[in-house]
Amino acid sequence: MHLTTRAFVPALLAALLALAGCKTLPSASPAPAAPAAAAGGTAGAPRVVQPVAIYLAQSSPGDQLVAVPVPEGAIYLHARPILAREDLTDAAALSDRQGGHFVGLRLTPAGAERLGAVSRGNVGGLLALVIGRELVAAPRIAGPLDRGILAFEVPTADAAADLAARIRGDAAR
């Protein structure tokens, strides 16, 4: 599941262009997610692998949407995720030449197809990344995301490394 940063670069650039101008929201209170699953760790030490889900979201309320408070008010998540941990093949901490830090996600073919269809139909909407019950990021969809890669901007390189490890299930938190 580990790929080099070089393998991510072409797809990351395309994802960054699609998400250009996105604003990542700071961490907020709990969002809907499945219960945490336990998985065995190395050397017999158990660890908790938190669920990872990506939801379609919007900035205005609507039927069957779940409100998640954020510093600017609230965002509203659809009840069912469009992607989950099983739709991911890798997560990596990345940086661009302008000093931006990102978590890059590589998707399975089925996940990539689903994300492409959802993003084409929801340009201007939000994608909410939820780990456990924590809203981690919610960038606006600037265009179709059909390259099988998704990138979320984070404030620091350490935050990118931590989130990538949590998404991969390498670190319990």
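**View 1. The contacts of S119.** Leaving aside residues up to four places away in sequence, S119 touches I141, G143, P144 and L145; a contact here means heavy atoms within 4.5 Å. This is a predicted model, in which local features need pLDDT of at least 70 and side-chain atom pairs count only at pLDDT 80 or more, while totals for chains, interfaces and linings use all residues. Residues are numbered from 1 along each chain as its sequence is written, and side-chain values use heavy atoms, with hydrogens and water left out.

View 2. S119 counts as buried because its relative accessibility is 1% (buried means under 20% relative accessible area, with a 1.4 Å probe and protein chains only). A polar atom of its side chain lies 3.1 Å from the backbone oxygen of G116.

**View 3. Helix α2 from end to end.** S119 belongs to helix α2; helices are DSSP runs of H or I with at least four residues, and strands are runs of E with at least two, numbered from the N terminus. The 13 residues of α2 (residues 109-121) should span 18 Å at 1.5 Å a residue, and the end C-alpha atoms are 19 Å apart, which agrees. The expected span is 1.5 Å times one less than the number of residues.

**View 4. The buried side of the story.** Which residues of α2 are buried? They are G111, A112, L115, G116, V118 and S119. The buried residues of α2 pack against β3 (52-58), β6 (83-84), β8 (101-107), β9 (126-131) and β11 (149-154).

Conventions. Buried means under 20% relative accessible area, exposed over 50%, partly exposed in between (1.4 Å probe, protein chains only). A polar contact is a pair of N or O atoms within 3.5 Å; within protein, one must be able to donate a hydrogen and the other to accept it, and residues adjacent in sequence count only if both atoms are side-chain atoms.
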